[in-house]
Amino acid sequence: MTSTASTASAASTATAASPGAGSAPDSQFLLSASGLHKTYGSTAALDGADFAIRSGEIVAVMGPSGSGKSTLLHCLAGIVQADAGTVTYRGQDLTSMNDARRSALRRSDFGFVFQFGQLVPELTCLENAGLPLRLAGLGRKEAESRAAAWLERLEVEDVGRKRPGEVSGGQGQRVAVARALAAGPRVLFADEPTGALDSLNGERVMQLLTEAARESKTAVVLVTHESRVAAYSDREVVVRDGRARSMAGAL
Ligand SMILES: Nc1ncnc2c1ncn2[C@@H]1O[C@H](COP(=O)(O)OP(=O)(O)OP(=O)(O)O)[C@@H](O)[C@H]1O
């Protein structure tokens, strides 16, 4: 199979194909990318990758180490600028926005969870979870009250007063998920969110993350190399040699 279309359904209700390179953005998708290229020195991290996700959908991005999964996530989130190709979010072209607008959009609409929680070590877990709300302009009391509700939802309300260095890896990841979802993002970008956890903790974090995302209709771009993590998604996309393909197309 040589098609680079990335979204035909893999045993899920998602059936539409992604927009191909050069085609008009499809309004049924919340976020889509077409013909992404990104080169680092002589390494082509992305080589014509397409991707699309609907509102509330959970899509696992899988593939071997070094295939371009994280680079795809970074381009979709506007963290990294692709050398060529387009990223369209709610009808807006991310690739033509200036840095300030892209940063503002990331703060207002996107949430992030990385492999190692990346919590701010000086802040308590409660303050960490409330950080996006504070950045959005909420007062301390309101931000912390909402953050406390998220910690409870992620079953870590008891660590609110502790600092990240005083909690377990699994607890820290739950705080990171609470922080990512607290401000109500439309898209959650999760890059190996359970990669540093044992399987039991990983399963629980995935259950809580996907339950919360489904309830709030948050789309999730979930980068993982583990099929048991990808099993929580609605469909899977495989990245190989910088190109994204649907599972159906790849197998
Ligand atoms: N900032 C960078 N500078 C130089 N090379 C990079 C950079 N980021 C990624 N690469 C290279 O681009 C390719 C794709 O990397 P990427 O991190 O996207 O892959 P990945 O599929 O997420 O890998 P892994 O599963 O190991 O995290 C790799 O060859 C990597 O070494």
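This report walks through the helix packing, the ligand shell and a few individual residues of the structure above.

The model is predicted, so local features need pLDDT of at least 70 and side-chain atom pairs count only at pLDDT 80 or more, while totals for chains, interfaces and linings use all residues. Residues are numbered from 1 along each chain as its sequence is written.

**The chain as a whole**

The protein chain holds 8 helices and 10 strands. These elements are DSSP runs numbered from the N terminus, with helices (H or I) of at least four residues and strands (E) of at least two. Of the 251 residues in the protein chain, 48% are buried. Here a residue is buried if 20 or more other C-beta atoms lie within 10 Å of its own, exposed if 12 or fewer do, and partly exposed in between, with C-beta atoms placed from the backbone. Among contacts between residues at least 6 apart in sequence, 70% join residues at least 24 apart. Two residues are in contact if their C-beta atoms, placed from the backbone, lie within 7 Å.

| Pair | Angle | Axis separation |
|---|---|---|
| Helix 3 and helix 4 | about 120° | 8 Å |
| Helix 4 and helix 5 | roughly 130° | within 9 Å |
| Helix 5 and helix 6 | about 15° | 10 Å |

Axes are lines fitted to C-alpha atoms, for helices over the stretch in contact, and angles run from 0 to 180 degrees between N-to-C directions. Angles under 35 degrees count as roughly parallel, over 145 as roughly antiparallel, 65 to 115 as roughly perpendicular and the rest as oblique.

Let us start with helix 3 (residues 125-135), where 8 of the 11 residues are buried, so this helix is largely enclosed by the rest of the structure. The buried set consists of C125, L126, E127, N128, A129, G130, P132 and L133, and these residues pack against helix 4 and helix 5. After helix 3 comes G137, with a positive phi near 105°.

With helix axes 8 Å apart at about 120°, helix 3 is oblique to helix 4. Their crossing is right-handed; the term applies when the near helix is turned clockwise from the far one by less than a right angle, and left-handed when anticlockwise. Helix 3 brings C125, L126, A129, G130, L133 and R134 to this contact, and helix 4 brings R140, A143, E144, R146, A147, A148, W150 and L151. By class, these residues are 9 nonpolar, 1 polar and 4 charged. The classes take Ala, Val, Leu, Ile, Met, Phe, Trp, Tyr, Cys and Pro as nonpolar, Asp, Glu, Lys and Arg as charged, and the others, Gly among them, as polar.

Next, helix 4 (residues 140-153) meets helix 5 at roughly 130°, and the two are therefore oblique to each other. This crossing is right-handed too. R146, A147, W150 and L151 of helix 4 touch V175, A178, L181 and A182 of helix 5, a contact with 7 nonpolar, no polar and 1 charged residues.

Helix 5 (residues 169-182) also packs with helix 6 (residues 199-215), and these two helices are roughly parallel. Helix 5 passes helix 6 in a right-handed crossing. G170, Q173, R174, V177 and L181 of helix 5 face N201, V205, L208, L209 and A212 of helix 6. This contact divides into 6 nonpolar, 3 polar and 1 charged residues.

**The ligand shell**

Around the ligand lie Y40, T43, A45, G63, S65, G66, S67, G68, K69, S70, T71 and H225. Strand 2 (43-53) and helix 1 (69-76) each give two or more residues, and helix 1 provides the largest share, 3 residues. By class, the shell has 2 nonpolar, 9 polar and 1 charged residues.

**Two loop residues with positive phi**

E192, a residue other than glycine, has a positive phi near 50°. E192 sits in the loop between strand 7 (187-191) and helix 6, and counts as buried with 20 C-beta neighbours inside 10 Å. D241 is likewise not a glycine, and its phi is positive, near 50°. The loop holding D241 runs between strand 9 (235-240) and strand 10 (243-246). D241 counts as partly exposed, with 15 C-beta neighbours inside 10 Å.

Terms used
A residue is near a molecule or strand if its C-beta atom, placed from the backbone, lies within 6 Å of it.
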